[in-house]
Amino acid sequence: MTRCDFCGSTILFGGKSSNGHRFCNDRCAQRGLLISISNTIPEAEVQQQVWQTHQGRCPKCAGPGPIDVHVSHRVWSALVVTSWRSQPRISCRSCGTKAQAGDLAFSLVCGWWGFPWGLLLTPVQIGRDVAGMVKGPDPAQPSDSLKKMVRMQMAANAVAAKAPVTPGTSRVPVGTR
């Protein structure tokens, strides 16, 4: 299956292509510019920032690290409409597990009510949450997902630093929402 080059989501149907990259939707395609910019950042700078993030405090609870990317998965359905998503978060293991447990509970209650995708995708998303809660990333070293997210955040910060600020707007670094 094809994966989005920006967010890593699985592309089942459709998607967008741009400059040799594949994206799941227009939003990710627009953010795809960050991929090109991120490739110009020196590897040593990226590695330094990755280790600082990994060994730093959790951005969610301010608790001690290690910090890494934890992905929670959710699905909801209503008759013939089904929606699913995977949400990566940079956090400590405890905050990551709480997000996965919350999305698992949401999927248990709201996922089954659509035909046919709700019945098919709910066990998949629940299984992915359980696997993430049980396994999780290696606490001894940063994951490739953390490296990718830090690299993209550095690229977004570089773009924001060069962009003019207009009154009434603010710059929010990627991953801090």
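The model is predicted, so local features need pLDDT of at least 70 and side-chain atom pairs count only at pLDDT 80 or more, while totals for chains, interfaces and linings use all residues. Residues are numbered from 1 along each chain as its sequence is written, and side-chain values use heavy atoms, with hydrogens and water left out.

Helix α3 spans residues 43-55 and helix α6 residues 144-162; helices here are DSSP runs (H or I, at least four residues), and strands are too (E, at least two), numbered from the N terminus. The two helix axes come within 9 Å and cross at roughly 115 degrees, with axes being lines fitted to C-alpha atoms over the stretch in contact and angles running from 0 to 180 degrees between N-to-C directions. That makes α3 and α6 roughly perpendicular to each other (65 to 115 degrees).

One spot in this pairing involves Glu-43, Lys-147 and Arg-151, which are linked in a network of salt bridges (a side-chain nitrogen of Lys or Arg within 4 Å of a carboxyl oxygen of Asp or Glu). Lys-147 meets Glu-43 at 2.6 Å, N to O, so the pair ties together parts of α6 and α3 that are 104 residues apart in sequence. Glu-43 also meets Arg-151, at 2.5 Å; these two are 108 residues apart. Arg-151 is buried at 13% relative accessible area, whereas Lys-147 is partly exposed at 27% and Glu-43 is partly exposed at 38% (buried means under 20%, exposed over 50%, partly exposed in between, with a 1.4 Å probe and protein chains only).

Key: Parallel < 35°, antiparallel > 145°, perpendicular 65-115°, else oblique.
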